[in-house]
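Have a look at the structure first, then we'll walk through it.

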Amino acid sequence: MLRCLALAEAAAVRGEVPVGALVVRDGVVLGEGSNRCEELIDATAHAELEALRRAFAAAREGRLVGATLYCTLEPCFMCAGAALHARVARIVFAARDPKFGACRSLASLAEDPRLNHRCRVHEGLLADASAGLLRAFFRERR
């Protein structure tokens with residue numbers, strides 16, 4: 001999660017919402033990413049999707065069975081859905097997102113029993129540091 005925070009800090013320096021993500025399997029980082037929505041002029045360029053895309057390329061497979069997605073902010077519906085489609089085994093996030101969070105705040109999409117695949121979800125690892133980074137970013141913007 002410390003690497004995710006570093007990626008989030010780098011995103012903030014670039015003027016992006018400070019979110020960082022990693023995909024790890026068997027102790028190996030397969031992909032990492034940070035928000036690039038402003039840079040790419042693409043609302044889907046979230047840190048989690050950047051990390052997943054790089055992990056697919058590194059693993060040379062379209063499913064990441066057994067992998068863990070780490071992120072500094074609770075994944076939104078789009079990112080949680082992508083993790084489910086990727087067959088990620090676990091999502092670990094730092095801070096909750098009360099406006100878009102789809103793993104705890106607004107829904108528990110990743111653990112929904114109606115789906116054919118579910119992810120275990122763990123929250124709170126370095127939550128204060130992640131939330132503080134987000135608060136500082138938005139305070140400067142206002």
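## The largest pocket

By class, how many nonpolar, polar and charged residues are in the lining of the largest pocket? The lining has 13 nonpolar, two polar and nine charged residues; here Ala, Val, Leu, Ile, Met, Phe, Trp, Tyr, Cys and Pro count as nonpolar, Asp, Glu, Lys and Arg as charged, and the others, Gly among them, as polar. Keep in mind that this is a predicted model, where local features need pLDDT of at least 70, side-chain atom pairs count only at pLDDT 80 or more, and totals for chains, interfaces and linings use all residues. Residues are numbered from 1 along each chain as its sequence is written, and side-chain values use heavy atoms, with hydrogens and water left out.

That makes 24 lining residues, with V17, L73, D97, L134 and F138 nearest the pocket centre. Two elements give two or more residues to the lining, α2 (37-40) and α5 (127-141), and α5 has the largest share with four. (Helices are DSSP runs of H or I, at least four residues; strands are runs of E, at least two; both are numbered from the N terminus.) A pocket is an open set of points on a 1 Å grid over the protein atoms alone, where a 1.4 Å probe fits, with protein on both sides within 12 Å along at least five of seven lines; lining residues have an atom within 4 Å of a point.

Six of the six residues of β3 (residues 68-73) are buried, so the strand is largely enclosed by the rest of the structure. Buried means under 20% relative accessible area, exposed over 50%, and partly exposed in between (1.4 Å probe, protein chains only).

On one pairing, β3 runs antiparallel to β1 (residues 20-25), joined by four bridges, with V24 opposite T68. On another, five bridges join β3 to β4 (residues 90-95) in parallel, and Y70 has V92 as its bridge partner. Strands pair if DSSP finds at least two bridges between them.

## Two loop residues with positive phi

I41 sits in the loop between α2 and α3, and its phi is near 50 degrees, a positive value in a residue other than glycine. I41 is exposed, with a relative accessible area of 78%.

L126 lies in the loop between β5 (120-123) and α5, with phi near 60 degrees, again positive in a non-glycine residue. L126 is partly exposed, at 33% relative accessible area.
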